[in-house]
Amino acid sequence: QVLKLFKLLHRTRQEVFKNDTKALEAARQKINEEFRNNRDETSEEKINELLKIASDVEVVLRTSVIQAVHTDSDKIVLIPRKDLLQDNTPYVDKPTKKQES
């Protein structure tokens, strides 16, 4: 379970920070450091807590982080991934009135 989550975090890192070598390397080092720091943990409760944190981090990376590229001195292009594109309620300028019964 630990190894599976470790690999998942690295796959997510590769997708989220694609083409950004600095961010890829920083994320790789952080993931490896966190797992290395806790590799001697024996408490099942603490291990489950750490697995939950790692799982939450993976979800946040996958669903909340967006890449941006400077294309000019005053322009940034956002590069959304499929996981970021979610259904949303369309904005209505003039909402309809609720019908009273």
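What is the mean pLDDT of the protein, and what share of its residues reach 70 or more? The model described here is predicted, its mean pLDDT is 84, and 83% of the residues reach 70 or more. Among the elements of the protein, helix 2, which covers residues 21-37, has the highest mean pLDDT, at 93, whereas strand 1, covering residues 67-72, has the lowest, at 82.

Strand 1 pairs with strand 2 (residues 75-79) in the antiparallel sense, and the pairing runs over 5 bridges. The two strands are joined by a hairpin through 2 residues, and His-70 has Ile-76 of strand 2 as its bridge partner.

| Core | Size | Residues |
|---|---|---|
| Largest nonpolar core | 6 residues | Val-16, Phe-17, Ala-23, Leu-24, Ala-27 and Leu-61 |
| Second, separate core | 5 residues | including Leu-5, Leu-9, Leu-51 and Ala-54 |

Within the largest nonpolar core, which has 6 residues, helix 2 supplies the largest share, namely 3 residues. Leu-24, one of the members of that core, touches Arg-13, Gln-14, Phe-17 and Asn-19 when residues up to four places away in sequence are not counted.

Another residue to look at is Arg-62, which is found in helix 3 (residues 44-64). Is Arg-62 buried, partly exposed or exposed? Arg-62 counts as partly exposed because its relative accessibility is 28%, a value that lies between the limits of 20% and 50%. Although Arg-62 and Val-16 are 46 residues apart in sequence, their C-alpha atoms are 6.6 Å apart in space, and Val-16 is itself listed in the largest nonpolar core.

Technical notes:
Residues are numbered from 1 along each chain as its sequence is written. This is a predicted model: local features need pLDDT of at least 70, side-chain atom pairs count only at pLDDT 80 or more; totals for chains, interfaces and linings use all residues. Side-chain values use heavy atoms; hydrogens and water are left out. pLDDT is the predictor's confidence in each residue, from 0 to 100. Helices (H or I, at least four residues) and strands (E, at least two) are DSSP runs, numbered from the N terminus. Two strands pair if DSSP finds at least two bridges between them. A nonpolar core is a set of buried Ala, Val, Leu, Ile, Met, Phe, Trp, Tyr and Cys residues joined through side-chain atoms within 4.5 Å. Buried means under 20% relative accessible area, exposed over 50%, partly exposed in between (1.4 Å probe, protein chains only). Contact means heavy atoms within 4.5 Å.
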